Amino acid sequence: LIFAGFGGCATGVLDPEFGDGGIVQIYFGGGDSVARAVVAQADGKVLVAGTAMVAYQRRFALARLHPDGSLDTAFGSGGLVTTAVEGLPSSAKALALLGNGKIVLAGHAGEESQHHFALARYNSDGTLDSSFGSGGTVLAPVGTASDSAVGVAVLWTGRIVVGGSFYDSPTVNGFALARFTPGGLLDSTFGSGGVAKYSLGRGTVTATAM
């Protein structure tokens, strides 16, 4: 069971015209999965992103719904898309919609003890955008160990800003921002080689939003 959500009327009650009595549950066919971000398109369709377990591996998960909550079968495979960034276990936590209809997901990819910022960009039909990164995905270490992106924004220039946390050691960890070119390369004009980091120098600091 994946991506349980609901639509609300202006009065705060469940919208009976959305899904089943205001609730939609989407099944990716794997184990436990979770939704992390949602964006409404100008045409009323809804994009939902998160993580799904497919073939015993965590993957970026993306679904597109019609305004009534039904899956948009013209998107991806029956309305669903999953992606393993560079073949690694991947978890998406943020979603942004570009003006041209393309979609960016951000999160992390890698094993539990070693994961880094990860991005994927999709065309409006749910296929990976081959003009972005390596075949549509980017893996970007911003620290030496466990990095995780929790937010993504697309600037008017087409550059992509991703925010989250980095971890080098128990005393060197904290907030991280990375800026990417429209093609998916780290933007060398931002921070140090495209990355800006801030550590308090004590304890563990984790970003939860951008």
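This report walks through a predicted model, looking at confidence, a few strands, one serine and some salt bridges.

## Ground rules and confidence

In this predicted model, local features need pLDDT of at least 70 and side-chain atom pairs count only at pLDDT 80 or more, while totals for chains, interfaces and linings use all residues. Residues are numbered from 1 along each chain as its sequence is written, and side-chain values use heavy atoms, with hydrogens and water left out.

The score called pLDDT is the predictor's confidence in each residue, from 0 to 100. The protein averages 91, with 95% of its residues at 70 or more. Confidence is lowest in strand β1 (residues 2-6), with a mean of 47, and highest in β10, at 97. Where pLDDT is low, the predicted coordinates should not be read in detail.

Strands here are DSSP runs of E, at least two residues long, numbered from the N terminus. Take β9 (residues 114-122): eight of its nine residues are buried, where buried means under 20% relative accessible area, exposed over 50% and partly exposed in between (1.4 Å probe, protein chains only).

Two strands pair if DSSP finds at least two bridges between them. Strand β8 (residues 103-111) runs antiparallel to β9, joined by nine bridges, and a hairpin links the two through two residues. In that pairing, Gly107 sits opposite Ala118 of β9. Strand β10 (residues 137-140) also pairs with β9 in the antiparallel sense, over four bridges, and here Phe117 faces Ala140.

## A look at Ser148

Ser148 belongs to strand β11 (residues 148-154). It counts as buried because its relative accessibility is 11%. Its side chain makes a polar contact of 3.1 Å with that of His108; such a contact is a pair of N or O atoms within 3.5 Å, and within protein one must be able to donate a hydrogen and the other to accept it, with residues adjacent in sequence counting only if both atoms are side-chain atoms.

Leaving aside residues up to four places away in sequence, Ser148 touches several others, including Gly107, His115 and Phe117. Contact means heavy atoms within 4.5 Å.

## Salt bridges

The structure holds eight salt bridges, each a side-chain nitrogen of Lys or Arg within 4 Å of a carboxyl oxygen of Asp or Glu. In one of them, Glu112 and Arg58 have their closest N and O atoms 3.3 Å apart. Glu112 is in the loop between β8 and β9 and Arg58 in strand β5 (residues 57-65), so the pair ties together parts 54 residues apart in sequence.

Arg179 and Asp187 form another, at 2.8 Å between the closest N and O atoms, and both residues are buried.
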